[in-house]
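User: I am new to this structure and would like to learn how to read its features one at a time. Could you give me the general idea each time, and then the case here?

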Amino acid sequence: MERSDPPPWRVLDEEHLQDCKVFDVHRATMASPRTGDAHPFYRIESPAWVNVVALTAEEELVMVRQFRHGSRDVTLEIPGGLVDSGETPAEAAERELFEETGYRAGRLDSLGSINPNPALFANRCHMQVAFDCRAAGEIQNSATEETTVELLPLSELPDVLRSGAIDHALVVAALYAFELRRSETPSS
């Protein structure tokens, strides 16, 4: 079966609506390729993000619990955050891992990148796997975050995911990318 992509929409006008510190909101007026009619769409522009699947030599995932303002709940996640200007995703992964957990990685590898939600977001979320992680210092949270560390035996991950205890979609995506990598290689 031959693939046929829909034609792209044409940008008629774009306006920056709001600078929200960690992202910007834009409104674009776009022309339908089918009818030519104009419709408004909203786009969120943000720096790239990084998520780190951090694994100790004892086969434990280094997880963080933190309060999330969107859900107004405490979540169980992997370390992650914004890729700062001038940083590579790997450098951001090392920094975020240490800041949020106090752990350092023996080795980092890329698990690829994904778009958080192409309907709204323009950025990428890079996924890294950190092997041989070890406690190396104190948590270095900024003034706007508070994390605690929890070590999760890798063998318990499927049950924890099934229970819904981890429900951050980008975290689940990174953990899935990690599982795909593990299934392709004889050893981590």
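Analyst: Let us begin with contact, which means heavy atoms within 4.5 Å. This is a predicted model, in which local features need pLDDT of at least 70 and side-chain atom pairs count only at pLDDT 80 or more, while totals for chains, interfaces and linings use all residues. Residues are numbered from 1 along each chain as its sequence is written, and side-chain values use heavy atoms, with hydrogens and water left out.

User: Which residues does Ser-32 touch, not counting residues up to four places away in sequence?

Analyst: Ser-32 touches Trp-9, Asp-37 and His-39 when residues up to four places away in sequence are not counted. Ser-32 itself is found in the loop between S2 and S3, where helices (H or I, at least four residues) and strands (E, at least two) are DSSP runs numbered from the N terminus.

User: Is Ser-32 buried or exposed?

Analyst: Buried means under 20% relative accessible area, exposed means over 50%, and partly exposed lies in between, with a 1.4 Å probe and protein chains only. Ser-32 has a relative accessible area of 9%, so it is buried. Gln-66, found in strand S5, also counts as buried because its relative accessibility is 4%. Arg-27, in strand S2 (residues 24–31), is partly exposed because its relative accessible area is 28%.

User: What joins the side chains of Arg-27 and Glu-15?

Analyst: A polar contact is a pair of N or O atoms within 3.5 Å; within protein, one must be able to donate a hydrogen and the other to accept it, and residues adjacent in sequence count only if both atoms are side-chain atoms. The side chains of Arg-27 and Glu-15 are joined by such a contact of 2.6 Å, and those of Gln-66 and Glu-77 by one of 3.3 Å. Leaving aside neighbours within four places in sequence, Arg-27 is in contact with residues including Asp-13, Leu-17 and Tyr-42. The C-alpha atoms of Arg-27 and Asp-13, 14 residues apart along the chain, are separated by 8.3 Å.

User: How should I read a pocket, and what volume has the largest pocket?

Analyst: Rolling a probe the size of a water molecule over the atoms shows where empty space is left. On a 1 Å grid over the protein atoms alone, a pocket is an open set of points with protein on both sides within 12 Å along at least five of seven lines, and lining residues have an atom within 4 Å of a point. Grid points are joined across faces, edges and corners, and a volume is the space filled by probe spheres set on the points. The largest pocket has a volume of about 1,200 Å³; of the 34 residues that line it, the closest to its centre are Val-22, Trp-49, Arg-68, Gly-81 and Leu-82. Helix H1 gives the largest share of that lining, four residues.

User: Where does the lining of the second largest pocket come from, and which element gives the most?

Analyst: The second largest pocket holds about 290 Å³ of space, and its lining includes Trp-9, Phe-41 and Pro-118. S3 gives the most to that lining, with three residues.

User: How many residues has H1, and what span does it reach?

Analyst: The expected span of a helix is 1.5 Å times one less than its number of residues. H1 has 13 residues and reaches 18 Å from its first C-alpha to its last, close to the 18 Å expected. Among its buried residues are Ala-92, Leu-97 and Phe-98, and H1 is followed by Gly-102, whose phi is positive, near 80 degrees.

Conventions: 1 Å grid on protein atoms, 1.4 Å probe; cavity = no way out; pocket = protein on both sides within 12 Å on 5 of 7 lines; lining within 4 Å.
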